[in-house]
Number of protein chains: 2
Amino acid sequence: MPVALDPPRSLLPVAGVRLAIAEAQIRYAARRDLTLMELAPGTQVAGVFTRNRFRAAPVLVAEEHLATGQGIRALIINTGNANAGTGAAGLRAAEDSCRVVAAALGCTAQQVLPFSTGVIGEPIDLAGKIAAALPGCLPALAEDRWLEAADAIRTTDTVAKGASRQLNIAGKEVTVTGIAKGSGMIRPDMATMLAYIATDAALAPEALQPILKQAVNRSFNRITVDGDMSTNDACMLIATGRAGNLPLALGEADALIDAITEVATELAQAIVRDGEGASKFIPIRISGGRSVSECLQVAYRMAHSPLIKTAFFASDPNWGRLLAAIGSAGVEDLDVERVQIHLGDLCIVRNGARAAEYSEEAGQAVMARAEIPIHVDLGRGSAQEQIWTCDLSYDYVRINADYRS
Amino acid sequence: MPVALDPPRSLLPVAGVRLAIAEAQIRYAARRDLTLMELAPGTQVAGVFTRNRFRAAPVLVAEEHLATGQGIRALIINTGNANAGTGAAGLRAAEDSCRVVAAALGCTAQQVLPFSTGVIGEPIDLAGKIAAALPGCLPALAEDRWLEAADAIRTTDTVAKGASRQLNIAGKEVTVTGIAKGSGMIRPDMATMLAYIATDAALAPEALQPILKQAVNRSFNRITVDGDMSTNDACMLIATGRAGNLPLALGEADALIDAITEVATELAQAIVRDGEGASKFIPIRISGGRSVSECLQVAYRMAHSPLIKTAFFASDPNWGRLLAAIGSAGVEDLDVERVQIHLGDLCIVRNGARAAEYSEEAGQAVMARAEIPIHVDLGRGSAQEQIWTCDLSYDYVRINADYRS
């Protein structure tokens, strides 16, 4: 059950991006498991990918194709098989998939980016399955299929994830639409499982990658479900330039960056709200740190503690577990006497011990909520950071013990 | 259900160590929750303690008392309350507890070491409860109560943990007996929750601490249940000198060190076998590393992955999760093409991809066992390391969601 998360009711089309969905029988019959995204000529694309040393074949191929600078014309996304840990055969499968799409759309294989998600380590004839599915879905390519695409890229996600924004840039209406999937193996260090954000804004070519990095660092790189980093994480930013504005340089794009970051943050939070087995949504804010990195260190230490995550699942204000995690986060000279912890508005720890005004009843009242912000002040500096995570429930174990996505 | 772990049937007495157990009503009525260990004059004691920045009051007091060098005469151990996160009142409670024991035994408070385990952050009149319980248990002090002590120091442990060894040193029979408790919040970085190892061997005073550190580094510092480091971890080595051997210098103590390390390893493994909710015992060996630290980094990354732990619970050879964890362990220049992974004797990954001889059936056969050794060869050096962990089950969630120890 996702935490206060409904599927998007509508997503705004982005001029220059057409989508089609197919059932390609990749792992299951009668499941929409293939998404084709066709991009108009002149579209710019930037991407960030997992930093896992085991990188899936499609990640390697997508990076290589992006680097050729030929101008990307299509993205092909499958679920059911991650094409990771598949060695040379997997690389061939990813390259052949691009070839098949290129032949259908009349571009080069290097102008196609492949993305896969699903089970790791199972060899598959991906190109054959894509080739069989393409003729059926090509005629359906349309700009208004974002909702269907958000749905088709899901694996263990219970809810489709998407967000749109519109803004005005120098008199031109500009749209930003994004979709994402991801629910488990979520601890991105570059991007999340799969996320696609498109805008019709025109951007200077050199602006795209820094904008994406900035947005991702404030969104996808600030979430964790289980601390497990995927082999397939990828987040793409697509700018078709069809809005008609003069291309924006990096310094002129603040409003657009905000809109892209908002979409990315909404998608990233949606992934946590729909985290495997999640019943609580937990923003963790660390302030009073000496550096951003030590704030993140403490935040992730808490977010990855199974004892904290199970206490939240039980709505149990077992704040000793918070103390133990903060104290073992590797901040060697932390003065525990200066640490303050709030759950929502409730101060539970002051000067390293239970706050005088704290009561078990008040703690339980906060913990009963579905969204429980934690705020830790380390009392040693002015840096702060925020991440988002969820609890650890029976359903997390069930999903990951009973199921291969 | 612990994994292939029975409670010890007998534990050998150690001359110079007498024990008594009491019901002190610390958190629950009619529960043996207090253990007194009386040491003969001249006994040497060394200790290692948690490196958590939030250190419980008894840890702070025990360290201080050890440092006075007055010669420790007693240890007082309670369950039901960790006396952690309790501020100045907690420190007073720990000190007063020592005073109460000292008065009863006729020594100074500095000659008593206090230990607490249980719920964090609840103020308690520990000294009062101990004072009330002591008169009833003092007459029962005896050398043959190790089994009862192993039982009384448990919290969420389902099985008491203890081990004994005997060896001959220069014609003298020497005994080593140890007990430990711990089941959750287990990821010691100095020692585990509570462990006590006693020997009647005579040792040079300067040999005790290095022997303890060496034994702990090869045992308690190589286990993890949930990656959560306790505020109360402590491991004590007690040498009464009653065996009658000439005091051993560090360089002469190899056989004794081996026996102590064996006892420590047996206790440490028992903690993992009885890890909260554990149904599998998983030794993880990493070889072919460039350094011990990178071997440990990879080993702990795997041992702390909820996806790996739930796959083991499900007996599912989902080795893609192993790959993903190894690849994200922070070994930046890892060449995945050289990585090999074995489950038991079965090679599952060779050269970074599925081994040709691997089959799902063979994988499932290994995973169905209760003990599943993982061996990862990083193929880049000659360093190796080994740690022990367990799986993540429904029961882990149940224990930690429903229960405050």
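**Reading the helix, the sheet and the chain pair**

Analyst: Take helix α2 (residues 87-105) of chain B to begin: at 1.5 Å a residue its 19 residues should span 27 Å, and the end C-alpha atoms are 28 Å apart, which agrees. The model is a predicted one.

User: Which residues of α2(B) are called buried, and by what cut-off?

Analyst: Buried means under 20% relative accessible area. In α2(B), Gly90(B), Ala93(B), Ala94(B), Ser97(B), Cys98(B), Val101(B) and Ala102(B) are buried. An α-helix has 3.6 residues a turn, so residues three or four places apart point the same way.

User: What covers the buried residues of α2(B)?

Analyst: The cover includes strands β2 (34-39), β4 (74-78) and β5 (112-116) of chain B, together with helices α1 (57-67) and α3 (126-137) of chain B. Just after α2(B) comes Gly106(B), with a positive phi of about 75 degrees.

User: Turning to chain A, what makes β1 and β5 edge strands?

Analyst: The open sheet has 4 strands in the order β1-β2-β4-β5 (chain A), and its pairing is mixed. β1 (17-22) and β5 (112-116) of chain A each have a single partner strand, so one side of each is left without a neighbour in the sheet. Direction ignored, neighbouring strands of this sheet are turned by 15 degrees against each other on average.

User: How do you know that β4 and β5 of chain A pair?

Analyst: Two strands pair if there are at least two bridges between them. Strand β4 (residues 74-78) of chain A and β5(A) have 5 bridges, in the parallel sense. Ala74(A) stands opposite Val112(A) in β5(A).

User: Which helices of chain A lie on this sheet?

Analyst: Helix α2 (residues 87-105) of chain A lies across β2 (34-39), β4 and β5 of chain A, and runs at about 130 degrees to β5(A). Helix α3 (residues 126-137) of chain A also packs on the sheet, where it touches β1, β2, β4 and β5 of chain A. The direction of α3 makes about 110 degrees with that of β1(A).

User: Why is Ala4(A) called exposed, but Asn351(B) partly exposed?

Analyst: Exposed means over 50% relative accessible area, buried under 20%, and partly exposed in between. Ala4(A) has 60%, so it is exposed. Asn351(B) has 46%, so it is partly exposed. Neither is a glycine, yet phi is positive in both: about 50 degrees in Ala4(A) and about 55 degrees in Asn351(B). Ala4(A) is in the segment before β1 of chain A, while Asn351(B) is in the loop between β12 (346-350) and β13 (353-354) of chain B.

User: What relates chain B to chain A?

Analyst: Chain B superposes on chain A by a rotation of 180 degrees with 0.0 Å of shift along the axis (RMSD 0.0 Å). That is the relation of a two-fold axis. In chain B, the C-alpha nearest the axis belongs to Tyr394(B), 2.8 Å from it.

User: How do you know that the copies meet through the same surface?

Analyst: Of the interface residues of chain B, 100% are also interface residues in chain A, so the copies meet through the same surface.

Notes:
Residues are numbered from 1 along each chain as its sequence is written. Chains are lettered from A and ligands numbered from 1 in the order in which they are written. This is a predicted model: local features need pLDDT of at least 70, side-chain atom pairs count only at pLDDT 80 or more; totals for chains, interfaces and linings use all residues. Side-chain values use heavy atoms; hydrogens and water are left out. Copies are superposed by least squares on the C-alpha atoms of residues with pLDDT of at least 70 in both. Contact means heavy atoms within 4.5 Å. Helices (H or I, at least four residues) and strands (E, at least two) are DSSP runs, numbered from the N terminus. Axes are lines fitted to C-alpha atoms, for helices over the stretch in contact, and angles run from 0 to 180 degrees between N-to-C directions. Buried means under 20% relative accessible area, exposed over 50%, partly exposed in between (1.4 Å probe, protein chains only). The expected span of a helix is 1.5 Å times one less than its number of residues.
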